[in-house]
Every structure is written in C-alpha cells, then in structure tokens.
Amino acid sequence: MVARVQGSYVKPLAHVAPRALRTALWRDLVVLVLFVTVLVLAGSAARQMVSPLTAAAQPEISLSPSVLPGYALRTTMRMLAALLASLLFTFVYATIAAKSRRAEMVLIPLLDVLQSVPVLGYLSFTVVFFVSLFPARALGPELAAIFAIFTSQAWNMAFSFFQSLRTVPQDLDEASRSFRFSAWQRFWRLEVPFAMPGLLWNTMMSMSGGWFFVVASEAISVGTLQIALPGVGSYVARAIAERDLAAVGWAILAMTITILIYDQLLFRPLVAWGDKFRYEQTAAQTVPRSLLLDLIRRGTLVRAAGRPIGLALHTAARARLALPLQSWLSGAARAVSESRAADVAWFAGIILGLAYVTWTLAQYAGAALSLADLSEAARDGAVTLLRVVVLIVIATLIWVPIGVAVGLRPRVAEKVQPLAQFLAAFPANLLFPVAVFLIVRFDLAPTIWLSPLMILGTQWYILFNVIAGATAFPSDFREAAASFRIPGWHWWRDVMLPGIFPYYVTGAITASGGAWNASIVSEAVSWGSTRLSGGGLGAYIAQMTEAGDYPRIALGIAVMSVLVVAMNRLIWRPLYAYAERRTRLD
Amino acid sequence: MLAPLHNAVVDLAGISMVFKRPSGEPLPVLENVDLALRDGEILGLLGRSGSGKSTLLRIAGGLIKPTGGSVTYRGAPLTGPAEGIAVVFQTFALFPWLTVLQNVVAGLDALRLPLALAEQRAQAAIDLIGLDGFQSAYPRELSGGMRQRVGFARALVTEPTVLLMDEPFSALDVLTAETLRTDFLDLWIERKLPTRSVLIVTHNVEEAVLMCDRVLLLASNPGHIAAEIPIALPHPRNRLDAEFRAIVDEIYSVLTARAVASLGAAKAAHGGLAQALPAATVNQMNGLIEKLSAPPFGGAAELHALASALSFEVDDLFPVAEALHMLEFAELKGTTLKLSAAGRILADADIDHRKRLFKEHLLRFVPLTAHICRVLGERADHRAPRVRFEIELEDHLTRHDAMQTLRVATAWGRYAELFAYDDKTGMLSAVPAE
C-alpha cells in the first residue's frame with residue numbers, strides 16, 4: 001500500500017470505502033505529524049532569533065555534528081523569512097510600478113540597478129544599520145542576514161510580477177472590468193493568479209541563489225564587527241578556521257538533506273499546486289506532482305480541517321474592500337488624462353533628485369578616494385571580467401554537448417535534470433574549503449586555481465537549461481534532420497544549436513550573474529591561518545570589507561555593478577533579443 | 001436614425017473613436033456612428049475586420065470611452081461597465097485557474113452576495129445553459145463549445161438587461177457553433193432569459209440573418225454604418241427559405257457593391273498607387289478559381305453558396321474575391337462571382353503557364369507592381385530598399401494599409417517571378433530575364 005502511494009498517482013477509490021478510509025487516515029497522520037513538527041521547530045527557532053545577546057558574547061559555534069540539525073533549521077528559517085519579505089515587497093513594489101506610469105519611470109530602472117549590485121555588497125552596508133536597530137539582541141544581525149537573502153530574490157520576483165501585470169491578457173482584463181471587480185478583487189482574482197507561474201519559477205530560481213547567500217551571510221566580519229549567527233554557514237566558517245575537513249563534510253551532508261526536505265515540503269507542493277494557474281488552455285503533457293500535495297488533497301481529515309481556511313481565504317479575496325485608491329488601482333488601462341505639465345514637473349523632480357544624490361556621492365567619494373583607487377578597482381574589475389568570460393566559455397564547451405546528449409535521451413534526462421537543479425541550488429561555498437584544502441596541499445597557483453570556484457555553483461544553470469532546451473526540441477525537426485542525413489558539424493550548426501540557443505542564453509545569463517556574485521567569496525579564501533587571494537574585484541571588495549573601509553567597499557561595488565550592467569546590456573540582452581527573433585518557431 | 005428614443009435601452013449617438021498609433025499619429029476607427037439598441041430585439045453588427053464593430057460593442061458596454069459622442073444606458077449617461085450589461089467574448093475569457101462554478105460565481109463578485117446565494121444562482125445559470133455535471137471542471141478540460149457555454153452562463157448569471165456578444169461563435173467549429181446558436185435562440189424565443197436586448201457582432205452573414213431582428217452593416221476606413229436591414233422573419237428561421245435567401249443575397253449585394261465601388265475609386269486615383277491590395281494569397285486565389293470552375297458552379301457562383309461551400313465567413317471570402325476581381329480573373333457583380341475568360345484559362349493551365357498569365361495580369365492591372373518593376377529596372381544595380389516604396393505608399397494610404405499592400409505586392413510579385421525580396425536586408429531586386 002505504502003509503496004503504491006509513493007510510486008505514483010493513485011486514483012481515489014471512492015467505492016472501496018474501508019480501504020479508502022484507511023488510506024485517508026494514514027495520510028492524515030503523516031500530514032499532521034509534519035505540520036506539528038514544522039510548527040514546533042519554527043516556534044523554537046523564532047524564539048532564539050529574538051533572544052537577547054547574552055553579555056555581548058555570542059553563542060559559541062560548536063563543531064559537533066549533533067548541533068547541525070538545529071543550525072540547519074535556523075538557516076532554513078532565515079530563508080523562509082526572506083521569502084515572505086520578498087513576496088510582500090514584490091506585491092507592493094511591482095503593483096505600484098505597473099499601475100502608475102510616473103512611478104514606473106523611477107521604480108523599474110531602480111530595480112535594474114538594484115539587481116546588478118552584488119548581493120554581498122548590500123550586507124557590508126546594512127549589517128551595521130540593522131545591528132544598531134536592535135542593539136544587544138540577536139535580531140539585528142538576523143535581520144541583516146535575512147536582508148541579504150532578500151536582496152538575492154526580491155528583484156527578479158518583482159520584475160516577473162511587474163511583467164505579468166503588464167501582460168494580463170486583454171480578454172481577461174475586459175471580462176474583469178465588465179464584472180466590475182474592485183481593485184482588491186481584481187488583484188486576487190486576476191492579477192496574482194495570472195502572475196503565479198512566473199512568480200513561482202522566479203522564486204525557485206532565487207531560492208537556489210538564496211542558499212548561497214544565507215551561508216555567506218551568517219558569518220560576517222565588517223571591520224571590528226564580528227558576527228557568527230548559529231547556522232550552517234557559521235559552522236563552516238568555524239570549520240575553516242580550525243582546519244577541520246571532517247566538519248566541512250558534515251555541513252555538506254546537513255545542507256544536502258536540508259535542501260532535499262525543503263524541496264519536498266515547500267517547493268514541490270507549490271509547483272504542483274501552481275500548475276493550475278497556467279494560462280494556456282491546453283492540458284499539459286507532464287503534470288508536476290508532489291507527494292505532500294497529494295497527501296493534503298486526498299486526506300479527508302486534512303481536507304476537512306483545511307476547508308474553513310480555504311473558505312476564509314476565498315471570502316477575503318471576494319470582499320470588495322473598496323479603498324480610497326480604488327479608481328486609481330482598478331484601472332487596467334492607465335489614465336490617459338495625465339497631463340503633460342505634470343509629466344515635465346515629475347521629470348524635473350527626478351533629475352534634480354539624481355543630481356543631488358550624485359553630488360553628495362561625489363563629495364563623499366572625493367574626500368576619501370583618489371584616482372589611483374579608481375584605477376586599481378578598474379584593473380581588478382578587468383581581471384574578474386576576464387575570469388567570468390573565460391569560465392563561461394569553458395562551462396559552455398563542457399556542458400552544452402553533455403546537456404544536448406542528455407536532453408535527447410528522455411530517460412536519462414528524467415534522472416539527470418533533478419540532479420542538475422539540485423546542484424544549482426546547493427550552496428557551492430560549502431565546497432570551497434575542500435578546494436582550498438587541495439590548493440594548499442598541492443601548492444597550486446591561486447590566481448588560476450581559485451577561478452573555477454566562481455562558477456562552481458552556477459555552471460549548472462547552463463546544464464539544466466540546455467537539457468530543457470534539448471528535451472523541448474521538436475522531434476519532427478530531429479526526424480527531418482535524420483532523414484536528410486545531415487552530417488556531424490552541420491547537424492550542430494543548423495539543427496541543434498539554433499534549437500537550444502534561447503535556453504542556453506537564459507542559462508548563461510544566470511550563470512554569469514551568479515559568477516560575479518560568487519567572486520566576492522571565491523577570489524579571497526582562507527584555510528585556517530593560510531590566506532589565498534586570486535586578485536580581482538571580488539578579492540578587492542572582500543579585503544576592504546574585512547578592513548571596514550567603507551568608501552572602498554562602495555567603490556568596488558559600484559565598479560562591479562557597472563561591469564555587470566555593461567555586460568548585460570552589451571552582450572546578454574542583444575543575444576537574448578537575437579535568440580527570440582531568429583529561433584522562434586511561430 | 002429614426003429609432004424612437006424612448007424604447008432604446010442603450011443609445012449611442014454621434015460616436016467617433018480615434019486610437020493613437022504607436023508612432024503617435026491618430027487612427028480613426030469609428031466616425032459619427034448612431035446606434036440604438038431597442039427593447040426586445042437582437043441587433044446584429046455585421047462588417048469586415050477593421051470596420052470597428054468590436055470597438056463599437058465595447059463602447060456600448062462601457063469598456064472603452066469613445067473620443068466623441070454620447071452613450072446613454074436606460075436614460076442615463078454610461079461612464080463605465082454598468083450593472084445589467086454583460087459581455088460574452090469571442091475568446092471566452094474564462095479564468096483558467098477557476099473551475100466552471102467558480103468562474104460563474106466570479107460574475108457575481110461585484111454584487112456582494114453571500115457565497116451560498118451566489119453559488120445557488122450560479123448553479124441555476126449552469127443548469128440553464130446545459131453545463132450541469134461540469135461544475136468542478138477547469139476550463140482547460142473542456143471543449144471549445146463547453147467553454148463558451150461557461151462564458152454564456154457567466155454572463156447570464158448576473159441577469160443582465162443587455163447582453164453584448166462579440167463574435168461568440170467564431171472561435172468554434174461549424175457544427176458546435178450551430179448547436180450553441182440554436183440553444184441560445186431557443187432560450188431567447190421561449191423567454192427563458194432575463195435579458196431584454198442583445199447586441200451581437202459577427203462577420204458571418206447567415207448567422208446574422210438567422211439570429212437578428214435588425215442588422216447594421218458597417219463599412220471601414222473609418223467605420224460607419226453603411227446600411228440597416230430589418231429582418232422580420234418569424235423564429236425559428238430556415239436557411240433554405242426563399243425569404244431567408246433573399247435577405248442573405250441583399251446583404252451580399254450591399255457588401256459587393258461597396259467592395260467594387262471602393263476598388264474602382266482607388267484605381268482611378270493617383271495612377272492606381274493609392275490602391276490598397278486585399279490580403280489574399282496566390283494559393284487562395286488559385287483555390288477559389290478551381291472551386292469556381294468545377295461543378296456545381298461551372299464558372300459562376302452566388303457568394304452565399306460559395307461561402308457555405310467553403311465554410312468561409314465574409315472576412316475570408318471577400319479579400320480573395322476582390323483580388324480576383326482586381327486582377328480581372330473574375331468579376332464581382334451583384335451577388336455573384338463570375339470567372340472571366342482569363343480566369344477560365346488559368347483554371348486549366350499548368351504551373352508555368354499560370355505564372356506567365358498571372359505575371360501579365362499583375363503588370364497590367366496592379367499599377368504598384370508595374371511601378372516597382374520600373375524603379376528596379378531604372379537602378380544601376382536593379383535593387384531598391386522596400387522602405388522606399390513604403391514611404392511612397394504612405395502618401396496615399398494609411399500606414400497599416402501601406403504595409404499590407406506592400407506585403408501583398410511582394411508576395412504576388414515573387415510568385416510571378418517579377419522581383420525577389422530579401423527579408424534580412426529589406427531589399428527588393430529585379431529577377432533577371434531568362
């Protein structure tokens with residue numbers, strides 16, 4: 001029985017009452033146990049997070065493997081908190097940007113900039129602020145860590161939601177207006193459901209990056225401020241300091257299990273549930289499944305318990321909730337009557353604001369920085385840029401052929417794809433110590449051998465996007481190519497590469513963005529007291545952070561942001577546009 | 001229009017609508033349209049695509065604000081979607097994430113009913129429209145016909161006084177459309193609907209005659225009402241009745257007369273360069289010629305017979321018929337399309353011969369293609385950018401028409417091997433004579 005339920009989708013057997021009842025009870029029990037466990041764990045972790053820091057001495061990070069489950073829980077809680085914050089931010093920020101043309105003029109470019117700032121760059125600046133908000137409480141540094149994760153997910157979620165709001169199908173928009181939905185009803189009935197698939201996908205992508213940053217942000221040292229929040233990240237930091245390779249192994253194991261559980265309990269159910277929000281009217285070929293969701297959906301007790309909650313949510317979404325902003329928000333077609341004079345005033349305001357900020361920055365930077373600093377940062381930036389480009393090229397040469405080979409074999413792809421996605425989600429920085437240990441051990445040149453660490457975690461995006469592309473490649477094209485016996489190199493050039501190109505570009509964009517972010521933790525590493533630096537902008541920012549030299553941290557971050565934006569504008573966007581234009585099938 | 005105002009449920013007076021093109025220039029789609037939807041009638045809006053009939057329906061529903069004129073609903077100005085007006089959409093516009101029942105309940109969201117009452121009313125509408133048993137299905141599980149039934153149930157659940165239908169059957173296959181149409185008419189005739197008036201947009205002539213008490217013919221550029229045709233036949237109507245046929249023919253002859261008149265007028269002006277070419281492909285033209293020359297037509301056919309033989313709607317048939325008329329392979333006259341001598345030869349010719357004949361007629365009767373050939377011939381490299389002709393055409397035509405005309409001329413010219421076109425470089429080039 002158990003095996004059958006786990007094996008695949010089992011249709012409810014309504015007419016076989018006793019058996020159905022037994023199944024239902026069994027399901028109810030599992031869900032109940034899971035529910036209570038999650039509740040208790042979340043409660044205890046939350047209590048610790050707000051607890052006072054005893055006598056300025058922070059809890060010592062232990063290296064005993066027995067503390068790891070607790071640490072993993074704390075790490076996971078940070079992820080969840082950041083996820084909720086990102087969702088809230090997304091709903092508010094993207095909605096305002098989509099509903100007001102003037103707000104859009106400011107908010108969307110701002111989002112573009114925020115997105116290109118390296119995530120760990122935010123950390124150096126915000127940690128002091130958050131610590132001062134809640135002095136002598138663990139909450140300050142906790143919030144700083146959560147904020148770092150937030151910055152790794154919020155921007156692209158907001159972008160996705162904004163895009164969805166702007167592309168609501170015209171017929172659904174007209175139907176909603178003809179039913180005279182209030183803004184609140186429209187939001188929950190039309191806009192959120194329509195945006196859901198994109199939002200879920202982006203949340204999942206962000207989440208993968210999130211693990212990386214949660215690990216990186218738990219053990220922070222900015223100048224004299226040293227913080228180690230109980231968590232897997234701090235555990236690894238301590239293990240590095242003590243040169244304890246076994247502890248690193250335990251941490252890797254703990255993280256693996258955590259990610260797998262997180263995936264099963266949160267993301268799979270979400271994705272399976274989110275499938276109904278697909279806008280296409282055709283039935284999907286493969287329906288995402290989730291064991292937990294099946295349990296919840298089919299357990300009678302759970303369903304009965306869930307019904308009032310569902311009803312309450314439903315009623316809340318149906319409520320008209322007329323707000324004073326009503327007329328402004330409910331308009332899908334945005335008011336055309338916005339006057340020109342007001343536009344000009346608005347523009348002038350933006351430009352004045354920008355000018356003021358630039359001037360202030362120039363003042364601040366001019367006092368602390370010289371031209372030599374700029375040239376040093378630029379030189380380091382060039383080194384990191386070279387690394388990113390070379391690594392993307394190498395990863396492409398390795399993973400594109402493998403991805404195609406895997407993607408064309410559905411059976412293999414089915415097994416490899418989840419693995420590739422898991423590897424993309426796994427925080428690669430946990431593996432750094434192993435690599436560093438080897439580099440130290442065999443006395444390798446850090447300038448060269450530290451470089452691959454940058455792309456260790458993000459290369460998988462290339463792999464799984466190429467696999468997805470090859471899997472989606474229409475089989476009639478493949479058959480046509482086979483029947484014309486198109487030979488080797490021509491097959492790649494004329495058939496396969498154009499077919500997977502849009503997927504590859506998507507993967508490569510993510511991989512390159514991730515590599516820039518990772519450079520801050522991968523270009524300068526340590527093993528016990530041994531310090532290795534590969535040079536480059538990441539190392540520059542890391543060193544300045546350690547020294548607490550804020551003007552130079554800012555300079556490094558600014559240079560990196562400029563490089564990331566330039567790379568996006570000059571390489572990735574044109575490639576993406578080209579892929580869209582040339583390889584679309586319709 | 002002399003419609004007595006007192007019984008008009010929705011009254012549109014002097015409506016004009018100008019959209020803004022992305023380039024900023026104005027695009028007029030409706031000009032000075034008067035329309036009164038009377039109590040107790042089904043009013044049809046019939047016209048070809050681009051005549052602004054869907055826009056007119058949206059204006060009547062308060063979904064779009066007209067740039068000029070006034071909309072009155074039950075004696076008061078209409079400022080937006082109002083209670084008592086419901087819309088059925090061509091694309092169904094169902095929320096894919098809601099079940100059938102939830103979709104119908106959503107129609108009542110604005111009324112602040114308790115959920116239980118709303119579900120009860122939704123259930124009644126679902127029963128009425130023949131969807132019982134599908135309450136918990138999601139739209140993607142349903143066939144097109146069932147989806148549109150949900151669309152109807154969702155509109156009717158609000159007990160609307162006015163029902164606006166935007167080509168409600170055109171996304172369905174012929175049989176399904178017929179079933180749904182008949183079911184709707186039955187409910188209407190038996191007075192089972194709370195609705196007092198229906199406005200239906202269509203480009204299917206028979207559908208209009210089958211359903212409506214009155215049909216307004218809309219003509220394009222910009223949209224205006226070209227004719228009003230009352231249909232006093234009793235329900236249920238029979239498509240084979242002589243009277244039914246007579247009204248269908250009347251509508252076709254109005255449409256034909258307008259088409260022929262505008263073709264002639266355009267040809268006379270600006271040496272023919274101002275002539276917008278109908279969006280017909282060479283394959284469609286060849287197909288229609290073959291259909292016409294074969295039995296049962298034997299060279300000439302009534303338009304309505306041709307339309308039903310090909311299950312074509314006005315939008316499918318007229319562009320091809322106009323193209324044949326323009327190239328003098330056939331003649332549009334009254335309610336018939338008749339092959340010319342050249343058309344008969346074309347019907348029996350092989351591919352090379354067809355191409356030669358097509359080329360001859362293209363050069364003789366479509367001044368634009370002759371013009372393109374001349375320009376290409378005069379240039380040293382026999383090449384010219386497409387944009388050059390686009391700009392020239394825009395002196396006489398709207399941008400949309402200019403683009404379409406050039407696209408059609410390019411396709412025809414390529415088929416006739418008059419010139420070649422490279423989409424990457426946007427260059428037209430002369431085909432060297434063999």
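Predicted model: local features only at pLDDT ≥ 70, side-chain atom pairs only at ≥ 80, totals over all residues.
How many of the residues of β7(B) are buried? Five of the five residues in this strand, which covers residues 162-166, are buried, so β7(B) is largely enclosed by the rest of the structure.

Next come the neighbours of β7(B) in chain B. Strand β6(B), residues 85-88, pairs with β7(B) in the parallel sense, and Ile85(B) has Val162(B) as its bridge partner. Strand β8(B), residues 197-202, also runs parallel to β7(B), with Val201(B) as the bridge partner of Asp166(B). Here are the two pairings together:

| Strand pair | Sense | Bridges |
|---|---|---|
| β6(B) and β7(B) | parallel | four bridges |
| β7(B) and β8(B) | parallel | five bridges |

A helix belongs to this picture too: β7(B), helix α5(B) (residues 174-189) and β8(B) make a right-handed β-α-β unit.

Stepping back to the whole of chain B, the domain assignment gives domain 1, residues 5-252, and domain 2, residues 270-434. Taken over C-alpha atoms, the centres of these two domains of chain B are separated by 36 Å. Their contact takes 10 residues from domain 1 of chain B and nine residues from domain 2 of chain B. On the domain 1 side, helix α7(B), residues 242-268, gives the most, with three residues. That side of domain 1 divides into four nonpolar, three polar and three charged residues.

Now for the partner chain. Chain A has 24 helices and four strands, and 38% of its 586 residues count as buried. Among contacts in chain A between residues at least 6 apart in sequence, 79% join residues at least 24 apart.

Where do the two chains meet? In the contact between them, 22 residues of chain A touch 20 residues of chain B. On the chain A side, α7(A) (170-178), α8(A) (183-218) and α12(A) (300-318) each supply at least two residues. The largest share of that side, six residues, comes from α7(A). By residue class, the side of chain A that touches chain B divides into eight nonpolar, five polar and nine charged residues.

Terms used: Residues numbered from 1 in each chain as written. Chains lettered and ligands numbered in written order. Buried ≥ 20, exposed ≤ 12 C-beta atoms within 10 Å, placed from the backbone. Pairing = 2+ DSSP bridges. Right-handed = clockwise from strand over helix to strand, strands pointing away. Contact = placed C-beta atoms within 7 Å. Nonpolar A, V, L, I, M, F, W, Y, C, P; charged D, E, K, R; others polar. Domains from an automatic or database assignment.
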